[in-house]
Amino acid sequence: MSNSSEPNDALKGKDYDRTLRKLHGELVSLQQWVVHKGLKVCVVFEGRDGAGKGGCIKAITERVSPRVFRVIALPSPSTRERSQMYVQRYLPHLPAAGEIVIFDRSWYNRAGVERVMGFTEMDEVKRFLRGISLVEKAIVDSGVILIKFWLEVSEEEQTRRLQDRVEDPRKVWKLSPMDLKSYSRWYDYSRARDDMFAASDSPHAPWYVVPSDDKRRARLNVINHLLSTVPYKSLPREKIKFPKRQKRDGYRDPNYPYKYVKAQY
């Protein structure tokens with residue numbers, strides 16, 4: 001899959017910040033509308049390691065309420081969960097009325113990382129791919145707005161980002177031994193992605209591909225698509241007037257030996 005649709009010129013920081021600020025205001029309007037109307041929205045992010053899923057999710061959620069926008073990033077399944085129907089552990093996290101749930105990787109782990117890394121048998125992968133479109137049809141029929149993003153990063157950019165994780169102490173936690181193993185299996189992931197799209201890119205739950213070599217453009221495009229997919233209106237806001245503060249009424253500042261944080265900066 002090629003990223004040829006991306007502009008060659010990088011988006012400048014000033015332009016990015018200005019546009020992101022505007023989109024954040026629209027996300028707040030979307031949030032209020034979702035709560036007001038009791039909508040249920042589910043957003044799935046998938047892609048290779050280093051594709052920029054975390055950055056997109058952070059850009060969406062940094063100015064909205066975590067009580068409305070809930071991010072789900074499940075750990076490895078427990079022994080009990082491994083004995084369940086595969087998608088069962090994800091179903092309790094689907095949105096209720098007035099919620100937007102974002103999956104940082106999802107039930108598609110079975111079609112992607114589990115397949116590529118040999119954590120499951122191909123028979124299980126094929127069974128999952130045969131049934132997942134029906135599961136998503138049931139989810140959509142229950143009233144959930146389901147949006148699926150695949151972030152597509154190039155080989156060269158993925159290498160640069162993973163190398164950056166090695167050299168940046170703020171990012172080293174994001175590089176696991178499994179990331180290094182998966183890095184060597186680029187075309188195994190490509191085959192897994194192709195099979196996943198063929199089985200689950202449906203009219204009721206289509207995949208939307210986001211070229212992500214330019215992180216800033218990818219984040220803006222994801223937010224813009226989210227806003228255009230979920231119908232919403234800006235609710236009227238009442239004019240806010242702050243009340244007067246109460247008077248001291250005899251209150252005295254305490255003579256207490258508070259332990260202050262050292263002002264080192």
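Student: In this predicted model, which residue of β5 does F149 stand opposite?

Tutor: The model is a predicted one. Strand β4 covers residues 144–152, and β5 covers residues 207–211. The two strands run parallel and are joined by five bridges. Across this pairing, the residue opposite F149 is Y208.

Student: How many bridges join β1 to β4?

Tutor: Strand β1 spans residues 40–47, and β1 and β4 run parallel. The number of bridges that join β1 to β4 is eight.

Student: How many of the nine residues of strand β4 are buried?

Tutor: Strand β4 is joined to β1 and also to β5. A residue counts as buried when its relative accessible area is under 20%. Strand β4 is largely enclosed by the rest of the structure, because the number of its nine residues that are buried is eight.

Student: What share of the residues of the protein chain counts as buried?

Tutor: The protein chain holds nine helices and five strands. Its C-alpha atoms fill a box of roughly 75 × 45 × 45 Å along the principal axes. Of the 265 residues of the protein chain, the share that counts as buried is 42%.

Student: Is the aromatic pair of Y86 and F128 stacked or edge-to-face?

Tutor: The ring centres of Y86 and F128 lie 5.8 Å apart, and the angle between the planes is 80°. Planes over 60 degrees apart count as edge-to-face, and those under 30 degrees as stacked. The pair of Y86 and F128 is therefore classed, with its 80° angle and the cut-off of 60 degrees, as edge-to-face.

Student: How many residues apart in the chain are Y86 and F128?

Tutor: Y86 belongs to the loop between α3 and β3, whereas F128 belongs to helix α5. The pair thus links distant parts of the chain, with a separation in residues of 42.

Student: Is F128 buried or exposed?

Tutor: The cut-off for a buried residue is a relative accessible area under 20%. Y86, the partner of F128 in the pair, has a value of 16% and is therefore buried. F128 has a relative accessible area of 8%, so F128 is buried.

Student: Which residues are linked into a cluster by ring pairs?

Tutor: The structure has 13 aromatic pairs, and one of them joins Y86 and F128. Ring pairs link these two residues with others into a cluster. The members of the cluster are Y86, Y90, F103, W107, Y108, F128, W150, F197 and W207.

Student: Over the face of which residue does R48 lie?

Tutor: Two arginines may be considered here. R89 lies over the face of Y90, at 5.5 Å from the ring centre. R48 lies at 3.6 Å from a ring centre, and the residue that carries this ring is W186.

Student: Which element gives the most residues to the lining of the largest cavity?

Tutor: The largest cavity holds about 90 Å³ of space. Of its 14 lining residues, G112, V113, W150, Y189 and M196 are the closest to the centre. Two or more lining residues come from each of β1 and α8. With four residues, the element that gives the most is α8.

Student: From which element does the largest share of the lining of the second largest cavity come?

Tutor: The second largest cavity holds about 60 Å³ of space. It is lined by R48, D49, Q158, D179, S182, Y183, R185, W186 and Y189. Both α7 and α8 give two or more residues to this lining. The largest share, three residues, comes from α7.

Student: How many charged residues does the lining of the largest pocket have?

Tutor: The largest pocket has a volume of about 1600 Å³. Its lining comprises 48 residues, and D49, K53, D104, R105 and D179 lie nearest its centre. The largest share from an element, five residues, comes from α2. By class, the lining has 16 nonpolar and eleven polar residues, and the number of charged residues is 21.

Definitions and conventions
Residues are numbered from 1 along each chain as its sequence is written. This is a predicted model: local features need pLDDT of at least 70, side-chain atom pairs count only at pLDDT 80 or more; totals for chains, interfaces and linings use all residues. Side-chain values use heavy atoms; hydrogens and water are left out. On a 1 Å grid over the protein atoms alone, a cavity is a set of points where a 1.4 Å probe fits but cannot get out, and a pocket is an open set with protein on both sides within 12 Å along at least five of seven lines; lining residues have an atom within 4 Å of a point. Grid points are joined across faces, edges and corners, and a volume is the space filled by probe spheres set on the points. Ala, Val, Leu, Ile, Met, Phe, Trp, Tyr, Cys and Pro count as nonpolar, Asp, Glu, Lys and Arg as charged, and the others, Gly among them, as polar. Rings of Phe, Tyr and Trp (its six-membered ring) pair if their centres lie within 6.5 Å; planes under 30 degrees apart count as stacked, over 60 as edge-to-face and the rest as tilted. Buried means under 20% relative accessible area, exposed over 50%, partly exposed in between (1.4 Å probe, protein chains only). A charge sits over a ring if NZ of Lys or CZ of Arg is within 6 Å of the ring centre and within 35 degrees of the ring normal. Two strands pair if DSSP finds at least two bridges between them.
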